[in-house]
Amino acid sequence: MTLRLTEEQSEIRALAREFSAREIRPFASEWDARRGLDPGVFAKLGELGFMGMRAPEDFGGLALDMVTYLLVLEELAWGDASVALGVAIHAGPVTDLLKRYGTEAQKERYLSRMAAGEILGAFALSEADAGSDAQSLATAWEWKGSERILSGKKKWVTNGGLGGVVVAFAREGAEGRISAFLLDPEIHEFRIGKREVTMGMAASETVELDLDQVPLGEEALLGEEGQGFRYAMEAMEIGRLGIAAQAIGIARAAYEHARDYAKERVQFGRTLSE
């Protein structure tokens with residue numbers, strides 16, 4: 001079945017492709033070589049509304065449907081996969097969890113700034129022994145007086161070194177239920193750990209987070225206590241769709257590069273395409 005896009009979807013997709021061609025592709029090799037994106041790229045994406053694709057209009061977002069959101073991610077990945085990954089984590093799982101389960105105060109504090117590209121959202125679920133098996137996570141919190149105290153180490157946190165808000169998952173004690181928390185570097189003290197060296201997406205800011213006795217006020221709890229695993233699985237559904245869209249954008253870029261090269265490269269008096 002062929003997907004028929006609306007006029008608005010086609011226009012948004014074209015805008016994303018134009019932005020990628022002008023503001024992303026020309027710099028992708030440089031960003032990969034230095035293993036870091038120009039942070040201004042997210043501000044520019046915010047000006048177009050692409051950092052707030054899934055955020056409600058009341059908070060400056062575009063409130064795009066899922067298909068349109070994925071079309072934009074595809075075009076951004078066509079430009080540079082590291083940019084697309086940063087946007088996907090921020091505008092997908094993090095925004096959706098805040099939108100669904102955040103208090104009004106949490107939404108007011110974060111969603112508008114996220115939609116504008118002023119701050120980035122990060123997602124801290126995985127650990128050294130809890131990747132796909134999220135139920136095995138060891139990061140834990142416990143009550144000390146009237147405060148929750150959080151300790152543990154998170155790995156492979158995209159946007160973790162840049163994140164203005166981090167959705168982090170931890171269980172109560174050694175075997176308790178998992179909850180979700182909002183870590184804010186303006187409020188909570190935690191350490192940005194080792195930067196990961198990746199085979200691809202070299203410019204992506206993917207790091208460890210060291211959480212050592214971090215006090216959490218009640219304002220840090222996202223949604224209901226003990227519902228974190230369910231929230232994480234909901235977020236992963238959105239994240240996997242985003243990964244698929246990015247894969248299509250990367251594949252398109254690779255195909256176009258190979259096609260164009262085959263038309264230019266001459267061997268034995270003929271182009272490779274001939």
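Me: How many nonpolar, polar and charged residues line the second largest pocket?
Reply: Ala, Val, Leu, Ile, Met, Phe, Trp, Tyr, Cys and Pro count as nonpolar, Asp, Glu, Lys and Arg as charged, and the others, including Gly, as polar. By class, the lining of the second largest pocket has 7 nonpolar, 3 polar and 3 charged residues.

The model is predicted: local features need pLDDT of at least 70 and side-chain atom pairs 80 or more, while totals for chains, interfaces and linings use all residues. Numbering starts from 1 along each chain as its sequence is written, and side-chain values use heavy atoms, without hydrogens and water.

Me: Which helix gives the most to the lining of the largest pocket?
Reply: The lining of the largest pocket has 28 residues, with Leu 85, Ile 89, Trp 156, Thr 158 and Ile 243 nearest its centre. Helix 5, strand 1 (120-124), strand 3 (147-158) and helix 7 each supply at least two of the lining residues. With 8 residues, the most is given by helix 7.

Me: How are helix 5 and helix 7 oriented to each other?
Reply: The axes of helix 5 (residues 81-101) and helix 7 (residues 228-264) come within 9 Å and cross at roughly 155°. Angles over 145 degrees count as roughly antiparallel, so helix 5 and helix 7 are roughly antiparallel.

Me: How many nonpolar, polar and charged residues make the contact of helix 5 with helix 7?
Reply: Contact means heavy atoms within 4.5 Å. Among the residues making it are Ala 81, Leu 85 and Tyr 101 of helix 5 and Arg 230, Ile 238 and Ile 250 of helix 7. By class, the contact has 11 nonpolar, 3 polar and 4 charged residues.

Terms used:
Axes fitted to C-alpha atoms, helices over the stretch in contact; angles between N-to-C directions. Helix = DSSP H or I, 4+ residues; strand = E, 2+ residues; numbered from the N terminus. Parallel < 35°, antiparallel > 145°, perpendicular 65-115°, else oblique. 1 Å grid on protein atoms, 1.4 Å probe; cavity = no way out; pocket = protein on both sides within 12 Å on 5 of 7 lines; lining within 4 Å.
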